[in-house]
Amino acid sequence: MTTVRDVIERDLSQEIQSVVKVAETARLAIDLREYVLTDQLATEFAKVLDAIVTSARPADSGTGRVGIWVSGFFGSGKSHFAKVLGHLVADTQTDAGSARALFERHLQRGQTWDDRVAALLQEATSYNLTAQLIPFDITAFQAGPTENVGHIFLRAFQRQLGLSSLAAFAECEMELKAAGKYDAFLELYASKAKKPWARDRDLGLASPQFAACLAELLPDRYPTPEIAHQSLDLALSQFEVLTIDQVVTRMVRWLDDSGAGTKSRRILF
C-alpha cells in the first residue's frame, strides 16, 4: 500500500517551523532545500540580488551602499525571505552543500525571473562575492527607545564575531587577534581572574584584569596596566557619543584588518 510518506519528498519526521528565526542556522540546509519559490518570490529575489551584485561589479565603484527594506503582512514570509537572501549573499556552507547550490535546485530553467536569479548567483560567485552575515533581532540588542541605531548594529556585529558587546573591550580583542595573541590572552585572563573571559567579557567590572592582560601581551601599546585601564575607561565613556559614521569606520577597519577588505566582501545585517 502506498502511504503519504511514500509520495511526499519532505522528511515527515522533521518538525515544521511555525516561525522562522533569522539568526537560527541549525536548520539552514532544511530551510534552503524546502523553500517554496513562487514566481513572485523569484521576482523579488532578482530585484534584491541585482542591487547587491551590482555593487560588486568592478565597473560599478559608485554603488557601495545597499539597503533593502522588506515589508509584508504578518505571516507573509518576510523573515524566511530575509534569512534565505542573507545566506545566498554570504554563500553559507552547510553539511548538504553551499547555500547557493541548494537554492539553485528550486530554479526552473526557462522562467524569466528564475533565469535572472540563476545568472545573478553565478555572477556573484564569479566576483567572489561573500559576506559576514549578522542576523539578529534588533529588540534583543536595543538598550532603550532613544538609543543610536549604530550602537545596536555595532553590538550585534561584535557578538556575531564572538567578541564583547562593550565596544572598548571588543576593539582590544580585535587588536589581540590581529597580533596573533588572542589564545594567549584567553589563557592569561583565566589564570588571573580564575574564570573564563567568556563569562566576563560583557562586564565593565572586568576592566582591571583585562587591562593587566593587555599590558602583558601588548606592551608597546599599553606599557603599564594603569595606562591600559585608563585607555579602557576613556573608550568606555566615549562609546555613548559614537556616531554612525564612527561605527561604520570601525567595521571597515575590521574588514581591512581581517584581510577581507576587498570590494567583493560585505558585512550584511
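Buried means under 20% relative accessible area, exposed over 50%, and partly exposed in between, with a 1.4 Å probe and protein chains only. The model is predicted, so local features need pLDDT of at least 70 and side-chain atom pairs count only at pLDDT 80 or more, while totals for chains, interfaces and linings use all residues. Residues are numbered from 1 along each chain as its sequence is written, and side-chain values use heavy atoms, with hydrogens and water left out.

**Exercise 1. The chain as a whole**

State how many helices and strands the protein chain has, and what share of its residues is buried.

Solution. Step 1: helices (H or I, at least four residues) and strands (E, at least two) are DSSP runs, numbered from the N terminus. The protein chain has 14 helices and four strands. Step 2: 39% of its 269 residues count as buried. Step 3: a contact is a pair of heavy atoms within 4.5 Å. Among contacts with a separation of 6 or more, 61% join residues 24 or more positions apart.

**Exercise 2. Salt bridges**

Solution. Step 1: a salt bridge is a side-chain nitrogen of Lys or Arg within 4 Å of a carboxyl oxygen of Asp or Glu. Side chains of opposite charge can pair when their charged atoms come close. The structure holds nine salt bridges.

Step 1: R116 and D50 meet at 2.7 Å, N to O. R116 is partly exposed because its relative accessible area is 30%, and D50 is partly exposed at 27%.

Step 2: in the salt bridge of R221 with E175, the closest N and O atoms are 2.7 Å apart. R221 counts as exposed because its relative accessibility is 53%, whereas E175 is partly exposed at 23%.

Step 3: K192 and E216 meet in a salt bridge of 3.5 Å, N to O. K192 is partly exposed at 38%, and E216 is partly exposed at 48%.

**Exercise 3. Helix α4**

Check the span of helix α4 (residues 78-90), then say what covers its buried residues.

Solution. Step 1: the expected span of a helix is 1.5 Å times one less than its number of residues. For the 13 residues of α4 this should give 18 Å, and the end C-alpha atoms are 18 Å apart, which agrees. Step 2: the buried residues of α4 are F81, K83, V84, L85, G86, H87, L88, V89 and A90. Step 3: their cover includes α2, α3, α5 (99-104), α6, β3 (130-133) and β4 (265-268). Step 4: just after α4, D91 takes a positive phi of about 50 degrees.

**Exercise 4. Aromatic pairs**

Classify the ring pairs F157 with W254 and Y182 with F185.

Solution. Step 1: rings of Phe, Tyr and Trp (its six-membered ring) pair if their centres lie within 6.5 Å; planes under 30 degrees apart count as stacked, over 60 as edge-to-face and the rest as tilted. The whole structure has 16 aromatic pairs.

Step 1: the ring centres of F157 and W254 are 5.4 Å apart and the planes stand at 85 degrees, so the pair is edge-to-face. F157 lies in helix α8 (residues 149-160) and W254 in helix α14 (residues 244-257), so parts 97 residues apart in sequence are tied together. Both F157 and W254 are buried.

Step 2: the ring centres of Y182 and F185 are 5.8 Å apart and the planes stand at 40 degrees, so the pair is tilted. Y182 and F185 are separated by about one helical turn because they are three residues apart in helix α10. Y182 is buried at 12% relative accessibility, and F185 is buried at 0%.

Step 3: Y182 and F185 belong to one aromatic cluster, which also includes F169, Y189, W197 and F210.
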